[in-house]
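Please read this briefing with the sequence and the model side by side. It goes through helices, a chain contact and a sheet in turn.

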Amino acid sequence: MQWLDALIQGVLLGGMYAQYALGMALMFGVMRIVNISHGDLVILLSLIGISLASAFGLGPLPVLVALVPLAVLIGFVLQKTVLNRVVGNDPLPSLIATFGLSIALQNLMLQIWSANSRSLPGYGLESRSIEIGGIYIGLLPVIVLAVATGLTWGLDLMLKRTRFGRALRAAAADVEAAAMTGIDPRAVYALATAAAVGILGFAAVFQALRSTVAPADGPAQLIYAFEAVIIGGMGSVWGAFIGSMVLGISQAIGFRIDPGFGVLAGHIVFLFVLATRPQGLFGRA
Amino acid sequence: MSAVLSTHGLVARYGDFQALYGVDTELGAGECVALIGANGAGKSTFLRAVMGLLPVAREMVRLDGEPVGGTAPDRMVQKGVAIVPEGRRLFTGMSVEDNLRVAIDQAARAAGKAGARAGGKGGWTLKRVHDLFPILAEKARTPVQSLSGGQQQMVAIGRALLCQPRVLLCDEISLGLAPKVIREIYAALPEIRAAGTAVILVEQDVGLAQSASDRLYCMLEGRVTLAGKSAEISRAQIGEAYFGVGHAVA
């Protein structure tokens with residue numbers, strides 16, 4: 001029973017990680033942009049959301065509705081002004097640029113919001129739970145998982161069925177050939193980053209609801225997103241989702257073995273996958 | 001004859017290495033011109049420079065008289081120039097149909113943006129490409145990486161045609177293919193030209209190039225060493241231009 005509970009909690013935790021990982025799967029897996037500021041963007045959006053909530057007395061849903069379009073805009077501007085200058089076959093320039101951005105964002109957030117931990121008031125949503133056969137399941141984690149599943153499904157469908165999705169996959173496969181077929185890679189990348197950061201708008205709201213956020217929390221979120229994408233396999237959206245589940249379950253089971261072992265267990269599983277199947281569970285060799 | 005595409009003293013370099021030394025060429029509307037020459041003569045570089053994949057000066061390439069040198073490749077496609085690139089360069093991991101759809105999508109986007117200005121007189125549709133290469137209809141759902149070389153080449157040609165080009169650049173489309181497959185692919189050429197598309201063929205096989213084209217240019221070490229009507233040029237002339245016999249090599 002205890003292990004079944006750990007498994008369920010792990011899957012629910014995986015839902016949260018999936019929301020970080022989807023944007024990463026799009027940027028890292030498809031565009032080969034290593035965005036070190038990924039986690040900091042989540043925290044920035046969380047803090048903006050918290051400030052919006054306290055300034056206008058908004059509940060979680062209105063904050064989400066306001067935050068996602070803002071996130072899309074931030075992503076678009078980020079790609080247009082910074083990332084399009086450094087994107088290319090070499091992943092190093094984008095890594096360095098976003099590393100600098102990460103440090104700048106953390107300090108900016110420290111200036112504006114101070115180092116205090118904050119959270120988004122959920123008006124009781126965060127403490128509601130449902131009991132199924134003696135196992136208590138939080139309502140909020142279930143919503144997080146449902147939203148993550150919906151986002152994964154939507155993103156996968158967008159990549160497979162839409163004009164934009166085909167253009168993005170084509171640019172990911174061979175950017176020069178894509179340009180020779182009439183695609184403007186920079187325009188496609190700008191939209192892709194807008195979508196990736198837009199998804200982080202969801203992650204930001206749920207992160208601030210289920211726990212606290214502080215300006216220095218970004219790098220930890222970044223690591224989880226990276227690990228989930230690499231476990232799942234680069235370039236696969238459902239792979240990132242499953243990778244998030246694997247990471248969540250590893251951490252939950254590790255936590256049951258010893259409370260100090262949870263996060264480490266996730267890292268160990270990640271390293272094990274990296275050593276034995278470096279292309280990821282769903283990646284092509 | 002008014003040239004749809006022309007180059008004027010085209011110079012291109014890869015870093016310190018100069019690959020083209022002032023190449024002058026002309027392609028008439030609906031014409032098929034072959035570009036022959038040994039490995040390293042600059043044929044592919046010529047196509048890359050025209051397509052905007054290498055930095056060149058504006059005045060060096062003209063499309064309908066308008067200077068377009070150095071225009072980004074996606075803009076060149078919108079202006080009506082498409083390429084079947086060396087090595088096919090298909091979108092790996094995507095199906096045959098999705099590879100073709102990418103071109104359809106972009107042509108539709110360009111047409112929507114520019115109204116009637118967009119290049120396509122050809123009116124190429126997925127169905128017409130399927131009529132041209134029936135195997136592509138059969139393999140529509142197959143990932144391109146599991147096709148044979150000839151079938152991949154057909155996808156690459158289909159993809160370029162669906163860009164609705166007025167000028168089609170073909171880079172070594174016979175390379176590495178069996179003679180039967182080469183005949184099959186070259187059999188599509190008359191239909192492509194019937195749609196009003198002018199073609200530049202870069203070809204290693206001199207006989208094939210000569211029989212398929214109206215005129216030909218022979219290149220050697222980044223320069224044009226011979227130009228003329230394909231039917232009137234003798235093998236001896238080509239041999240001389242191809243290998244540089246009698247030419248002072250700097």
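Predicted model: local features only at pLDDT ≥ 70, side-chain atom pairs only at ≥ 80, totals over all residues.

Helices (H or I, at least four residues) and strands (E, at least two) are DSSP runs, numbered from the N terminus. Residues are numbered from 1 along each chain as its sequence is written, and chains are lettered from A and ligands numbered from 1 in the order in which they are written.

**Chain A: annotated spans**
- An unreviewed UniProt entry lists "transmembrane region" for residues 6-29, 41-58, 95-115, 135-159, 188-209, 221-247 and 259-276 of chain A; such annotations may be inferred rather than shown by experiment.
- Residues 259-276 of chain A are 83% helix and 0% strand, with end C-alpha atoms 27 Å apart.

**Chain A: a helix pair**
- Helix H1 (residues 2-30) and helix H10 (residues 237-257) of chain A have axes that come within 6 Å and cross at roughly 140°; axes are lines fitted to C-alpha atoms, for helices over the stretch in contact, and angles run from 0 to 180 degrees between N-to-C directions.
- H1(A) is therefore oblique to H10(A) (angles under 35 degrees count as roughly parallel, over 145 as roughly antiparallel, 65 to 115 as roughly perpendicular and the rest as oblique).
- Their contact has 17 nonpolar, 8 polar and 1 charged residues (Ala, Val, Leu, Ile, Met, Phe, Trp, Tyr, Cys and Pro count as nonpolar, Asp, Glu, Lys and Arg as charged, and the others, Gly among them, as polar).

**Where chain B touches chain A**
- In chain B, 24 residues are in contact with 15 residues of chain A (C-beta atoms, placed from the backbone, within 7 Å).
- H3(B) gives the most to the side of chain B that touches chain A, with 8 residues.
- That side of chain B divides into 14 nonpolar, 4 polar and 6 charged residues.

**The sheet in chain B**
- An open sheet of 6 strands runs in the order E6-E7-E8-E3-E9-E10 (chain B), with mixed pairing; two strands pair if DSSP finds at least two bridges between them.
- Strand E6 (81-84) and strand E10 (223-229) of chain B are the edge strands, each pairing on one side only.
- Strand E7 (residues 167-171) and strand E8 (residues 198-202) of chain B pair in the parallel sense over 5 bridges.
- Helix H6 (residues 149-161) of chain B lies across E6 and E7 of chain B, at about 175° to E6(B).

Note on methods. Contact = placed C-beta atoms within 7 Å.
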